[in-house]
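Here is a short report on how some protein chains meet. Look at the model first, then read on.

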Amino acid sequence: MTDTRIQSDPKPRGPFTTWLSMLWADKLAFFAALFLLVALLCAIFGPWLMGDLATKQNLRGRNAPPFDLARGWLMILGADALGRPLLPRIVVAAQNTLMVAGAAVLCSAVVGCGLGLIAGYSRKRAAQWIMRLGDVIMSFPSLLLAVIVLYMLEPSVANIVLVLAITRIPVYLRTTRAEVLEVRERMFVQAARVMGASDRRIIFRHILPVVLPTLLTIATLDFAFVMLAESSLSFLGIGIQPPEITWGLMVAQGREYLTTAWWLSFWPGLAIIGTTLSLNLLSNWMRIALDPAQRWRLEMRGRKND
Amino acid sequence: MTDHLLEVRDLSVEFHTAAGTVKAVQNVSWHLDRGETLAILGESGSGKSVSASAVMNLIDMPPGRITSGQILLNGQDMLVMTAEQRRQINGCKIAMIFQDPLAHLNPVYSVGWQIAEMVTTHGGTRDKAQARALDLLRRVGIPEPELAMRKYPHQFSGGQRQRLMIAMALACKPDILIADEPTTALDVTVQAQVLELLEELQRETGMGLLLITHDLGVVAEIADRVVVMNGGQIVETGNAAEVYRNPRHPYTRKLIDAAPGKGQMPVERDRTGQPLLRAERLTKSYGAFHALKGVDLTIMPGETVAVVGESGSGKSTLARAILRLDDPDGGRILYRGDDLMAMAPRQLFGLRRDLQMVFQDPTQSLNPRMTVFQLISEAWVIHPDILPKAQWKDRAADLLVKVGLRPEMAARYPHQFSGGQRQRIAIARALAMEPKLIVCDEAVSALDVSIQAQVIELLDGLRREFGLSYLFIAHDLPVVRDFADRVVVMKSGEIVEEGPVRQIFDAPRHPYTRALLSASLDPDPVVQAARRTARQLETA
Amino acid sequence: MTGFIGKRALASGISLIGLVILVFFLSRLTGDPTNLYLPLDASIEAREQFRQLHGFNDPLIVQFGRYVMDLAQGDFGESLQQARPAMEVVLQAFGWTLRLALITMTCVTVAAIVIGSLAAFKVGGIFDRIATFFSLVGASAPDFWLAIVAIVIFAVNLHWLPTSGTGTPWHWVLPVAVLFVRPFGLILQVVRGSMITTLSSAYVKTARAKGVRTRSIIFVHGLRNAMLPVITVIGDQAAAILNGAVVIETIFGFPGIGKLMIDSILLRDFSVVLASIMISAVAIFIMNLLIDIAYAMLDPRIRY
């Protein structure tokens, strides 16, 4: 028998260390993940640790410039028009910013993916209707839709999440459907049908695991997009309303003082860029790491660095 | 020492991959002279294409690296030439054609443009190039060449596309033509025509032809000399007929022995009693295309029925209809007298166990994210009445042993196995259902010849052990010769001939069956030469 | 082809009708525009007269019926704010946005294709890495923040460029430059990815075996095939600008359709809102049609 050739098994390692070493293999993605982790910690613990600091007004420190350590390290990034230190404000604003984007992405991903599975798997009329619905949402200019709806309804956090989620549903719907249409014709799905597997089993055991990595990659990218959209809405004054804060709102509030205190808008903007850039980098890494045919690139580089 | 037209001396190439450095070829030497045909024969992974890629400067470096050797064209070492010099040789002195012409022709440019580009790239004028392209299209037998100039690759058939590739390759009248598996994806009758065209053109131009193939039949048909490769090394080289008659290396011997169509044909069996499966007047259309035009088929218990036909014959549609993967438009399918078409889903679900399928490409038919144990035991998850959960592990181990694998392989994923092993896993999965009938849809077509023989042997053994019946779909007659009880030949959605295997092979009645038989290539150069002469007499 | 266009036009038309109905009723729910347009000390009679004039007293459904009747006669209503036909106002603003989109997208397309193709030719090379990094940063930057930073640097500190208006070519530099960044980053990545796939394809191998020059392999054999996914993204990005680069137009005081839409929603100038939605929809429809035509021109396998 000649067909006993078996690829050598990689060193037995736990899944966690495997992923970590693959992340380490792509330095940019590694630092992106680190940055996101810090942002996430800020979002979770920020308001609890620095909530008071962020709202304490200090009229003597109005528009205090950055890098002036005389006022204490909290003022390192300067202070806003009411003398509130910027660093704690950015830390606290992380919560709203990430929460709104996270909730919107989660809602649109779950709904879009569910509808996409139905639209891709069943050949019935329902699939037609779902796709038409997606087309209709797609044909709306999404920012305009958000603007109109948020003028009608009050711009609360829940409404913003809702509007952003609705505008992003078609992205997941289309991707999922396209993937399902392709995967359902694959031979192993046919094999499962020959064995008599139920539709539910085929969808959840055979199709979804194949589609999921793509969706995860898209969701990461989309998180960045939704964050920018929320920032734009807040910037236009129809997103999150003061006294709640987000990074986008902070940029908007600083606009009045552009000529005298550029740092008011600059730092929160930098936080937005940092987060979206990290998400983009991580998404690029995931595209490779989650694809069994491409993963060796990372594993190879990881091994060289060992 | 005289210079050969092309000589590869002591060539070694390695590739850097995830699994470390792979030595693709080691110390390979061969040569090619004017007017001669050299075949490099080998199975997948043997490195048979690597030296040709090195000749054409197609190896990406990195990850590839040429570690030793010379490639001499008329005595000059190409490996020390500049990139620009190499570029001018490509297409002009040495041209190449590939296995899958659809993928290898640029989809967005007309074929006339692509052939003419070969001439303009090497210094010809537009007008001259156009005229030459038209000439070539006529020469390789493309109908309506003026019209074809403006058509795109997707508008031609598989055989025509390979003719287009050949026309393109010959545009600059090269001294050498390298053909990498030029007929592998083609139907047997088309394969014979393309090989014939290559032979004719070689006689006309006197070029050297280097043919890379896995098929002994192709070697027998066309090659003067043969180089046999295995594991990146040349194991044997010599005159094609001589190598076939007296193989010196054990690997060559094994390869020759594995070639199908030389064993005993099974004797005809008794066909009275209730058939296991009966298909009556099955029809199926896809739009205006009639895939099945009223097909009848009977399979007796314990019998192997082979359905043979070329692409578009409807053989796969038939298999899918019988398993109800695609419902036929009309006709009946009776399983032990019960009509499958009229059955309620619940009844059909029970029957699924009895009818199983093994697909062509095991890489695609096994879910890449499931372990071998999960793949096999899925049968028992879906049909819990087959086996209590406590026995799953033991039975899975059992089945793995039955198909020639080891029990501890159950924890591995499909990508950790070779192609032949994967097909064994697929067979084990089908057996887990304890079926009565297994439909094998081109189940061995994607495998190397030596593996093909092993899998067929395995299927044959399992049939005797479990009393299975097979419906064996194939595009090639020799494969089914030693294995099938009955053969059904299909063409354009209809059965043109049906009968016991001896009758089909020894006394074919329908002209199409005869054409298929004469087009299929025999591994014996002497037999093949005789066939070729017979064929030429027929056409003359 | 005509059948295909017809079908598409029908689908777009239906969703446009739905959108117009939705926006019509939603916008009326935001409140009465009367108080916004008349001075605080206007008499009750004057207010009543204003309402009567514009028909705000009638039930919503009657107002809608009247709107549809007017529409059927090609009358898109009056702009409350400018006292001119709404369509005239919208078309004027759209003209500005169209110019902005054309200039920006032309720059983006040329730059992204050339740089992306060259980056793809030597994957992992120094040029590739720099291009990839900058495209990622570009794709990540919020446009309003870029606009602010650009204003601070080039207008406030250096006094090189004006911050708002459309008077001279110099006025266009900042809006175009800021709008350029994100689409450039996104499209560059798509070009690069698509080009990498194309350059590793079988027909490029054939081209190499034919002895075709490297430049021809990239820009003749590779680019035309690689353009297919790129075109879709170019279309999406162009559509995004046409739909109103709301934020940019607001910051730079650019009289485009995005700013107009926001202003008219704020001022409850209903006819203008509806007219601009319709113009947007038509623009997007034509845009998508152009994309499909480009597809068919690039790839002979695509027939509608």
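This is a predicted model: local features need pLDDT of at least 70, side-chain atom pairs count only at pLDDT 80 or more; totals for chains, interfaces and linings use all residues.

Residues are numbered from 1 along each chain as its sequence is written, chains are lettered from A and ligands numbered from 1 in the order in which they are written, and side-chain values use heavy atoms, with hydrogens and water left out.

## Residues and bonds between B and A

Chain B brings 40 residues to the contact, and chain A brings 28 residues. Contact here means heavy atoms within 4.5 Å. How many salt bridges are there between chain B and chain A? The count is one. Glu378(B) pairs with Arg201(A), and their closest N and O atoms are 2.9 Å apart. A salt bridge is a side-chain nitrogen of Lys or Arg within 4 Å of a carboxyl oxygen of Asp or Glu.

Nine residue pairs are in polar contact between chain B and chain A (both at pLDDT 80 or more). A polar contact is a pair of N or O atoms within 3.5 Å; within protein, one must be able to donate a hydrogen and the other to accept it, and residues adjacent in sequence count only if both atoms are side-chain atoms. On chain B, the elements giving two or more residues to this side include α13 (345-352), β16 (355-358) and α17 (419-432). The largest share, six residues, comes from α15(B). Helices (H or I, at least four residues) and strands (E, at least two) are DSSP runs, numbered from the N terminus. The side of chain B that touches chain A has 17 nonpolar, 15 polar and eight charged residues. Ala, Val, Leu, Ile, Met, Phe, Trp, Tyr, Cys and Pro count as nonpolar; Asp, Glu, Lys and Arg count as charged; the others, Gly among them, count as polar.

## Where chain B meets chain C

Here 28 residues of chain B touch 18 residues of chain C. The area buried is about 2100 Å², with 57% from carbon and sulfur atoms. The count of salt bridges is one. Glu117(B) and Lys210(C) form it, at 2.8 Å from N to O.

The interface of chain B and chain C has 14 residue pairs in polar contact (both at pLDDT 80 or more). β6 (94-97), α3 (101-104), α4 (111-121) and α7 (158-169) of chain B each supply at least two residues of the side that touches chain C. Which element gives the most? That is α4(B), with five residues. By class, this side of chain B has 16 nonpolar, nine polar and three charged residues.

## Chain C

Chain C has 13 helices and zero strands. Its C-alpha trace spans about 85 × 55 × 30 Å along the principal axes.

Key: Buried area is the accessible area (1.4 Å probe) that two parts lose on being put together, summed over both.
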